[in-house]
Amino acid sequence: MWRVAEAVRETVCSERGKTEGMIGTLKTDKYGFNQPKERLWQTLEMSGPRSILSWNLNKLMRDLVRATR
């Protein structure tokens, strides 16, 4: 049972769903977030931000192409 207003609960559920979906996308082979090939700690630390950057750049390019059409 949630002890918050209904509007707050709906907002939290919506945001969580968006976050879960993005994490699922980052775990695909295309972005490599789930099983990075790196083994050194310094490079392993950067695999998450690199996956997110890759996703954001792909999204940006898709939006730019869509805007020019």
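Partly exposed describes a residue whose relative accessible area falls between the buried range, under 20%, and the exposed range, over 50%. The legends below use these classes. The model is predicted.

**View 1**
Arg9 has a relative accessible area of 29%, so it is partly exposed. Its partner is Glu6: the two side chains form a salt bridge. Their closest N and O atoms lie 3.1 Å apart. Side chains of opposite charge can pair when their charged atoms come close.

**View 2. Asp63 and Arg66 in helix 3.**
A salt bridge joins Asp63 to Arg66. Here the closest N and O atoms are 3.8 Å apart, and the cut-off is 4 Å. About one helical turn separates the two residues, because they are three residues apart in helix 3. How exposed is each partner? Asp63 is partly exposed, because its relative accessible area is 35%. Arg66 has 54% relative accessibility, so it counts as exposed. The count of salt bridges comes to two; the pairs are Glu6 with Arg9 and Asp63 with Arg66.

**View 3. A nonpolar surface patch with Leu64 as one of its members.**
Five residues make the patch: Leu53, Leu57, Leu60, Met61 and Leu64. The patch has an area of about 480 Å². Leu64 is found in helix 3, which runs over residues 47-68. Is Leu64 buried, partly exposed or exposed? Its relative accessibility is 45%, so Leu64 counts as partly exposed. A patch residue needs over 30% relative accessible area, and Leu64 has 45%.

**View 4. The whole chain, for orientation.**
What elements make up the protein? There are three helices and zero strands. From the N terminus on, the order is α-α-α. The chain has 69 residues, and 12% of them count as buried. The accessible surface of the protein is about 6200 Å². Carbon and sulfur atoms account for 59% of that surface.

Conventions:
Residues are numbered from 1 along each chain as its sequence is written. This is a predicted model: local features need pLDDT of at least 70, side-chain atom pairs count only at pLDDT 80 or more; totals for chains, interfaces and linings use all residues. Side-chain values use heavy atoms; hydrogens and water are left out. Patches are made of residues with over 30% relative accessible area and no salt bridge: like charges are joined within 9 Å, nonpolar side chains (Val, Leu, Ile, Met, Phe, Trp, Tyr) within 5 Å. Accessible areas come from the Shrake-Rupley method with a 1.4 Å probe; for residues, only the protein chains shown count as cover. Helices (H or I, at least four residues) and strands (E, at least two) are DSSP runs, numbered from the N terminus. Buried means under 20% relative accessible area, exposed over 50%, partly exposed in between (1.4 Å probe, protein chains only).
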